[in-house]
Structure formats: structure tokens, C-alpha cells
Amino acid sequence: MATNRQTGAWQMFQPEVITFGESMALMIPENPKGIEYAQHFQGMFGGAEGNLAIGISRLGHRAGWFSRLGKDPFGRMILKRIRGEGVDVSRVELTSEAPTGLMLREDVSGKPSVYYYRKGSAASTLGPEHLDEEYIKQAKYLHVTGITAALSSSCREAVKEAIRIARRHEVKVCFDPNLRLKLWSLDEAREVLLELAKDADYFLPGLDELKLLYETESFDEIVAHLSKLRAVSIVKGGNNETLIVEQGQVSSVPYFKAERVVDTVGAGDGFCAGFIVGLLKNYSLTEAVRLGNLIGCMIVQVEGDWEGAPTWEQVEAFLNNEKHVER
């Protein structure tokens, strides 16, 4: 994968966490009227894996993200912005074969809706041939999501091969299913996502996702399914708590209370970033989840997919109850 590769750059940087997937240009109406009535839009970008990489970088750890982007203004903008957040992008490829993906988001009457224009995008052409084994094997963690697997059959194979590479080199695998029913059917998603979960070291689903994937409303049945996995399962979206399922045992970590909720998009990615950083800091599972909960809480109080991701200094200030000095 090479047209934009910075030779030797990653050897000096050596990301602790590597992730890959689609980041898209994002357009949001500047008023709450809805897309079809909007005349002015905010131009941004978003994508689960890129969001996570930015979150990890802001928390003071080294992250690498790669994908294929169109050799177009959107692709160049995304590449520059993610690189500007301190994320290693030496394995990103800008290609003339396909355009950068696009998504539109609106929030009408308090109900957010997302519209994707990503079929045939540059990222959807990603395949196993675009993976760099040397790059992946030096990391401590590989983070993958079900979104990438949903984009195309070649992307699906890339996710599977990346996991095989990680396991071959004892790199821990974190897997967030990130179920997106606008990208594929539930039956297709269920077959693929549950198979990928079997090879993860950390499985990071939402409780609502598990109800759909396991076709049950029974929490006991869900725990029984999770207990068959080799992974530690970190279940988001409980009753004001995140649940840890490890070897059949369930424990919970309470949420932090948000002073205000502005935008919930990106909270899950922020949680995953915080959790992985907790692991990098050798925290216990409970403390790593607590950090993930805190990052998610901080992100929902700021508009944007990743813009609200805090720095480590901001996290410490929050935990130490430091008062903000305005002037």
C-alpha cells in the first residue's frame, strides 16, 4: 500500500495501536431544518477507526491508522487532519481509482439520521493485499470494527487477514462490532460479526447489538453466549453502567454523569480509545473500563464525531476536580 507512504517514518514512530477503516467527509446542515431544506452545511469528517486513533493520540499514546482515500479534496483534507492530530498515516494510500466516501447527518426533532454515500468508495476497495505485516506486528494492539467488514467482500477479507497477522505475532486484538444495518442485513452481519468475535482478545459490543446478534432479550442468555468466547467482553450500554464479562463472571463499572449531552456520535469510539489506553497503562480491567466511560462522557458534551476527544491533561484535570481558570 504505498503511494503516500513515508518511508521509514513508522519505524521511528512505532504505533502502539493500529487500526484501519473508512473515514469519510461529513456534511451537517447548519440549522435543524433537515438536509432537504438546508442551504448551508458544515464540512467535517468522521469514521469509527479514525475517531479512535485520534482519541488515543490525544491521550498521549501512539496510534496508527490506514485506509484508502480518494485522490480528491475530501481525501487530502482527511489525511491532513488525522495526521495533524499526531496519528501515524504512513500506510494511507491516496488513489485515483475511486472517490473518498461521504456521509450526511441531520438531527430533526431530536432524531439523528445518517445517509451514506460510500458504495464504491476508495476505502471499500481495501483488501488483504493492502496490509503490511511488518507494520501490524510491531504494535501492541490491533483494533478492528464490523463497519470495515460491512463495506465489501475484500474489506471483510482484509479484516480477517489482519486478525490472523496479529494473532501470529501475539498482537492483542480488540473488536468492536459497530453494527450498521444501513450497510448490510442483520443476517449477514450476524454470521460475520460473531465469527470475528471468536478471534478477538477483547470484544467491545453494545448491549443492544448483542440482543440483535444473539436473537434474545435475555441477559442471562447473552452472558452464556459471551462466556463461550476466548475474549473478555466489555458490554457498553447497560443500565447506567458498562459490564465486564470474563470467564462467565459479570461485573459492572458505573458511568460518569454528563452535565449536558450535546452529541452522542463518537461516544463509543471514545470509550474504546479510553479503554485501550487504560490497557496500555497497565490498568486493571475495571480501571480501563472506567477510563473508557470517562472519555465517552466527555465526548458527548461536545458536538462532532471526534472533536470532543480530550487530552490526557484534561482527563487528569477532571479526575482531580481542577477548576477552570477563564482569565
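Before I start, one definition: two strands count as paired if DSSP finds at least two bridges between them. Please also keep in mind that what we are looking at is a predicted model.

With that in hand, take strand 12, residues 232-235, and strand 13, residues 241-246, which pair in the antiparallel sense over three bridges; within this pair, Ser-233 stands opposite Val-245 of strand 13.

These two strands belong to an open sheet of eight strands, whose order is 4-1-9-10-11-12-13-14 and whose pairing is mixed. Strand 4, at 63-66, and strand 14, at 249-254, are at the edges with a single partner strand each, so one side of each is left without a neighbour in the sheet.

Let me turn to the helices that lie across this sheet. Helix 10, residues 267-280, lies across strands 1, 9, 10, 11, 12 and 13, and runs at about 165° to strand 9. Helix 11, residues 285-299, lies across strands 11, 12, 13 and 14, and its direction is at about 150° to strand 13.

Helix 10 also meets another helix. Its axis and that of helix 2, residues 48-58, come within 8 Å and cross at roughly 45°, which means that helix 2 is oblique to helix 10, and the crossing is right-handed. On the helix 2 side the contact is made by Ala-48, Asn-51, Leu-52, Gly-55 and Ile-56, while helix 10 contributes Asp-269, Cys-272, Ala-273, Ile-276 and Val-277.

Methods
Residues numbered from 1 in each chain as written. Predicted model: local features only at pLDDT ≥ 70, side-chain atom pairs only at ≥ 80, totals over all residues. Heavy atoms only, no water. Helix = DSSP H or I, 4+ residues; strand = E, 2+ residues; numbered from the N terminus. Contact = heavy atoms within 4.5 Å. Axes fitted to C-alpha atoms, helices over the stretch in contact; angles between N-to-C directions. Parallel < 35°, antiparallel > 145°, perpendicular 65-115°, else oblique. Left-handed = near helix turned anticlockwise from the far one by under 90°.
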